[in-house]
Amino acid sequence: MLHAAELPVPEEYATQVAQDANTLLAKVAGYLKPEDLPLLEAAFKFSAECHKTQLRKSGEPYITHPLAVADILADHHLDAQALMAAFLHDTMEDTGVTKIELTERFGKPIADLVDGLSKLEKLEFQSKEEAQAENFRKMLMAMARDVRVILVKLADRLHNMRTLSHMREDKQKRIAAETLEIYAPIANRIGLHAIYQELEDWSFKYLHPMRYEVLGKALKSARGNRREVVSKILDAIKHKLGEVNVEATVYGREKHLASIYKKMQEKHLSFSEVLDIYGFRVIVKDVSTCYLALGTLHGLYKPRPGTFKDYIAIPKPNGYQSLHTALSGPYGTPIEVQIRTHNMHKVAQAGVASHWMYKSGDDGVSDVQQKTHQWLQSLLEIQSMSGDSVEFLEHIKVDLFPGEVYVFTPKGKILTLPQGASAVDFAYAVHSDIGNRCIAVRINYDLMPLRTTLKTGDQVEIITAITARPNPSWLNFVMTGKARSHIRHFLKTMRYEEAVTLGERMLNQSVRALMNQATELPAEAWDRYLKENAPSRRDEVLADIGLGKRLGVVVGQRLLTLAGLLLEGEANSGPILIRGTEGVTVQFSRCCNPIPGDPIIGLIKQGQGLAIHTHDCPQVVGRNSKFDPDKLLEVEWDVPIGKLFDVQIKVLAMNERGALAEIAASISDAAANIENVRMDKDGDGGDRYTEISFTVQVENRQHLARVMQALRSLERVVRIHRLKGINSHS
Ligand code: MN
């Protein structure tokens, strides 16, 4: 029992607030456990304290709002946790109470519910597109996780709609539109019929005030005139059912304003045409009586062909069950009748969640997963008499826990991505150019790695750079086919472009060597060459050269011959210059690890480009060489541009503590990176010496010489040499 004096509410309102709160407590005492009541009281008092300086737009103390929200939910018999969350639903958002504080005071389940509600509060629906509205609804459902969050949210919205007159007109319109597009359909989807209708009616009132007023007046007078007809049909139905001993509650059903308006719009009907349809509801004790009542009514009035629907055998996705039939009444007036059991009626009014609501109050289970499971289980029970319960359950599951995430673009558009999608997937979903050029991402305004997995509700902003390119490593984490295929395509194109560039350079070098000077190849020569050869484009020929599918020297010779600059058979090619930055088309062999300064030789590998070896690499020139000498190409180093090359060195050192550290320090002092170290225990050094193999990165031969010199100067280093021409990994 709450007393006005103890509430942190201005005196002139205190009596009313205390009275409303006590009425609510008395109401829930009818279905909750007695020990729940002090908890509810505590949550209410805490909320009143938090909001004590706030006023509603109406001038009333703010606490009247959470109180009204809880009251709506109490009418639907929601459990104590949900009602406490209703009291507290605006505290985090408006008064800065933290989740930690709520957890300490009221426990984690309550804090989770309030936190979920605060997150929904931050979402704002902006787009007008229908598809976007559907996405937004899914997003809300996905974010809510616990269906109670949605229920509290709907009650919150309902009370806000009831008190919308105190808002500014533009705000009224925006909130009404959002309610109509987002919240009313959700209420309908989960079967909260009464809330759905009221939300639609309020939205209609604020979106179309004139039409609402005119239609309302017309409806009022029309219903007055109809009353007689309705009661006549009502009596006839009751009488007929009584004859066959069917106990039934029968009443005339009135359509809500918004649905009459919708029907007029959709079916292009006039007001009187819509109103001519009389609706009745017959509620009986069990399923077989439903069918009995149906047969009886079909005997009373003639059924209209093709209008009978059996939603008992095949329920609607939201769990709704009834028999629907349309009859021709007296003077041919159309009559719509719904026949259902009391249980089905309860579900139809309160929604499928009602089963779960009624059951969950007494078990003390607080875990959301378990609650949800329980709820789904109860849905299954509702559905057990119908054949497609699995499909139904699947439907609900998909809606509440979709395998999708919904995220915002910076402009407020919602994108749907598969669960587990990364920022890169998002970038490609926006546009392939954004994907190809993305370098970083801001998620909820924080810079994050591109591999970050997105969560529903995230606001995602991709940062791009003109020069950026897709990274092959992205293929390890992207989820969407779109991202994957674009990355693959780009890498393939990039390889091709690199091959063209290299091929052109190789060709020019060949031509220069053949002519002893740089020589322009005339276009006519190219035209003739492309006519007599298979690839029809110059790029393809160049790519072939770059990839080692044809020799630059041979192509150059032919072109020069066609241009009349060279006589046939007058070949003499010079070396091709290698820079080390050609990309995938030039590979530095791992067997001998050539570095700038080493004499080198090129080996054309069919379809793979050019492999560079040292001139003395046994893999190529030794006794074991398996290579066709015709595939060998003369190559030389071009001016190096700072790329680092791997090289292997082996050090024999005294087996002393600190030797390795000293050697490593010396290598890095010489500005070389250590890529890999291997200690060779079984080396020929015995106990006194130890063999250490390093892979180090150097710029060129001079750099390597400096490194080796530095190592030689160490006292503990006995011997040092570079490994070359053996496969160091075998
Ligand atoms: Mn609120």
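Predicted model: local features only at pLDDT ≥ 70, side-chain atom pairs only at ≥ 80, totals over all residues.
Helices (H or I, at least four residues) and strands (E, at least two) are DSSP runs, numbered from the N terminus. Residues are numbered from 1 along each chain as its sequence is written, and side-chain values use heavy atoms, with hydrogens and water left out.

**Helix 11**

- Helix 11 covers residues 193-207, a run of 15 residues. From first C-alpha to last, helix 11 reaches 21 Å, close to the 21 Å expected at 1.5 Å a residue; the expected span is 1.5 Å times one less than the number of residues.
- The buried residues of helix 11 are Ile195, Tyr196, Leu199, Glu200, Asp201, Ser203, Phe204 and Tyr206. Buried denotes under 20% relative accessible area, exposed over 50%, and partly exposed in between (1.4 Å probe, protein chains only).
- The cover over these buried residues includes helix 3 (64-75), helix 9 (147-162), helix 10 (169-189), helix 12 (209-243) and helix 13 (257-267). Contact here means heavy atoms within 4.5 Å.

**Salt bridge between Lys45 and Glu6**

- A salt bridge is a side-chain nitrogen of Lys or Arg within 4 Å of a carboxyl oxygen of Asp or Glu, and the count by this rule comes to 27 salt bridges.
- One of these joins the side chains of Lys45 and Glu6, at 4.0 Å from N to O. Because Lys45 lies in helix 2 (residues 36-50) and Glu6 in the segment before helix 1 (11-29), the pair ties together parts that are 39 residues apart in sequence.
- Both partners are partly exposed: Lys45 has a relative accessible area of 33%, and Glu6 has one of 38%.

- Lys108 and Asp112 form a salt bridge whose closest N and O atoms are 2.8 Å apart.
- The two residues are 4 residues apart in helix 7 (residues 108-122), so about one helical turn separates Lys108 from Asp112.
- Lys108 is exposed, with a relative accessible area of 52%, whereas Asp112 counts as partly exposed at 23%.

- In the salt bridge of Lys455 with Asp458, the closest N and O atoms are 3.9 Å apart.
- Lys455 is exposed at 53% relative accessible area, while Asp458 is buried at 4% relative accessibility.
- Elsewhere, salt bridges that share partners join Lys99, Lys108, Asp112, Asp115 and Lys119 into one network.
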